Amino acid sequence: MIFREVEDRDLVAQARRGHVDAYNQLVSRWEKRVFNYLLRLVANREDALDLTQDVFLKAYQNLARLEDASRFAPWVFRIAHNEAFSLLRKPRPGEEELADPAFASPGPRLFPVETSLAVAAALDKLSPEQREAVVLKVYEGFKFEEIAGILGCPVSTVKSRLYTALDLLKQTLAPSSGLRGAL
Amino acid sequence: MNCSSFDLKAYVLNESGPGDRRAVEQHAAACAACAEEIERLSLTCAALRAVPQEEMPRRIAFVSDKVFEPRWYQRLWDSPARLGFASAALLSAAILTHALTRPAPVAVTLAPPPAVASVAAPAPLDLDGIRKLIAESEARQAKLLAGQIAASEQRAERNLRETKAAIDISFEGIGRQINVLRHGMQTASAGLGGAQ
């Protein structure tokens, strides 16, 4: 558990009273994780960055609707989930339209090292729903109930997606017997 | 208990309670297949976590930036003067409701305007006739005014007479009271003289 001098719920309460610095602190605290979550879903840095901006803008505009101020993170990830899947459902224009090479899509391989390539290849075999469940559990550390709240589905569905995904990932990332040493 | 009764994935993902964790660990100590499954799942999660988080290409805008600026109604709502605005709004609503629900005023029937046709084709002006009409109107006004002045003078005279009569009555009353007092004093003086 990460010790925080000021809890999220205190910052949310201050932000609701109009203290913009409190919200800035929440943005600083969560922007990188939200960005990486979105990056793993949409596999495009520019899209992930735009979506992260939209997520925090929507969160700020709807801060009064957050019922439990201590659950800011799952709530923000819920917004991010909606934004990501709304983008994924849209028909995508050609990737060559990206002008800035700094934002060029890395394709399925987001990370440069060998392990990262293996992980990226393994994640690429999953469905978007399975990949999202893995990201929320393994990378973001949410509990099953929190993931169910973020995805808007029952806990049993979360477990089913996650367990199936783990079995698929295990075949690539932790093969049995002598193949294990290859990683 | 057989192997299928243990949720090894929940164990690896730290979703098991303390009791379940102990049970899985005791079982894995005696079951090579489950021990290997736990090891493979742990390796899988370790490989996934080995991928570092990406740094952001740039920081996203902060609340102090334009994009996060609240709307005018949000600023109004957050301002301390919102109670004043709310009171003013309620008062306005009450005035409006009263204005809309009060009894309708008595309808005033106006004489219909002159026919437009006469305006469209004006006849030549009859100046003598107009002068005559003005003179008649002035005569009526003068007669009316004279009548009003006469009535006003009569009212003033009547009021004066009534006031004078009231004053006379008051003086008579005062005189009677003086006589009574004088008589009383004389009686008292006579009484005192007899006693001496």
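**Note on the two-chain helical model**

1. Start with the end of chain A. The axes of helix α7 (residues 144–151) of chain A and α8(A) come within 8 Å. They cross at roughly 100°. An angle of 65 to 115 degrees counts as roughly perpendicular, and α7(A) and α8(A) therefore stand roughly perpendicular to each other. Note that this is a predicted model.

2. Next, the residues behind that crossing. From α7(A) come A:Phe144, A:Glu145, A:Ile147, A:Ala148 and A:Leu151. They meet A:Val155, A:Val158 and A:Lys159 in α8(A). By class, this contact has six nonpolar residues, two charged and no polar ones.

3. Which residues of α7(A) are buried? They are A:Glu146, A:Ile147, A:Ile150 and A:Leu151. Seen down the axis of α7(A), these fall within an arc of 125°, so they line one face of the helix. An α-helix has 3.6 residues a turn, so residues three or four places apart point the same way.

4. What do the buried residues of α7(A) pack against? Their partners are α4, α6 and α8 of chain A. Just after α7(A), A:Gly152 takes a positive phi of about 70°.

5. Helix α3 (residues 45–61) of chain A packs against helix α4 (residues 72–89) of chain A at an angle of about 135°. Their axes are 9 Å apart. Angles over 145 degrees would count as roughly antiparallel; at about 135°, α3(A) is therefore oblique to α4(A). The crossing of α3(A) past α4(A) is right-handed.

6. The α3(A) side of this contact consists of A:Asp47, A:Leu51, A:Asp54, A:Val55, A:Lys58 and A:Ala59. Facing them in α4(A) are A:Val76, A:Ile79, A:Ala80, A:Glu83, A:Ala84 and A:Leu87. By class, the contact of α3(A) with α4(A) has eight nonpolar residues, four charged and no polar ones.

7. On chain A as a whole: its secondary structure comes to eight helices and zero strands. Along the sequence the pattern is α-α-α-α-α-α-α-α. Chain A has 183 residues, and buried residues make up 35% of them. Consider the contacts in chain A with a separation of 6 or more: residues 24 or more positions apart account for 62% of these.

8. Chain B is helical too, with seven helices and zero strands. From the N terminus on, its elements run α-α-α-α-α-α-α. How much of chain B is buried? Buried residues make up 9% of its 196 residues. Of the contacts in chain B between residues at least 6 apart in sequence, 45% join residues at least 24 apart.

9. Finally, the contact between the chains. It takes 37 residues from chain A and 25 residues from chain B. On the side of chain A that touches chain B, α2 (20–42), α3, α5 (114–124), α6 (128–139) and α8 (155–173) each supply at least two residues. The largest share, nine residues, comes from α2(A). By class, this side of chain A divides into 23 nonpolar, eight polar and six charged residues.

Note on methods. Residues are numbered from 1 along each chain as its sequence is written. Chains are lettered from A and ligands numbered from 1 in the order in which they are written. This is a predicted model: local features need pLDDT of at least 70, side-chain atom pairs count only at pLDDT 80 or more; totals for chains, interfaces and linings use all residues. Axes are lines fitted to C-alpha atoms, for helices over the stretch in contact, and angles run from 0 to 180 degrees between N-to-C directions. Helices (H or I, at least four residues) and strands (E, at least two) are DSSP runs, numbered from the N terminus. Angles under 35 degrees count as roughly parallel, over 145 as roughly antiparallel, 65 to 115 as roughly perpendicular and the rest as oblique. A crossing is left-handed if the near helix is turned anticlockwise from the far one by less than a right angle, and right-handed if clockwise. Two residues are in contact if their C-beta atoms, placed from the backbone, lie within 7 Å. Ala, Val, Leu, Ile, Met, Phe, Trp, Tyr, Cys and Pro count as nonpolar, Asp, Glu, Lys and Arg as charged, and the others, Gly among them, as polar. A residue is buried if 20 or more other C-beta atoms lie within 10 Å of its own, exposed if 12 or fewer, and partly exposed in between; C-beta atoms are placed from the backbone. The arc is that of the directions from the helix axis to the C-beta atoms.
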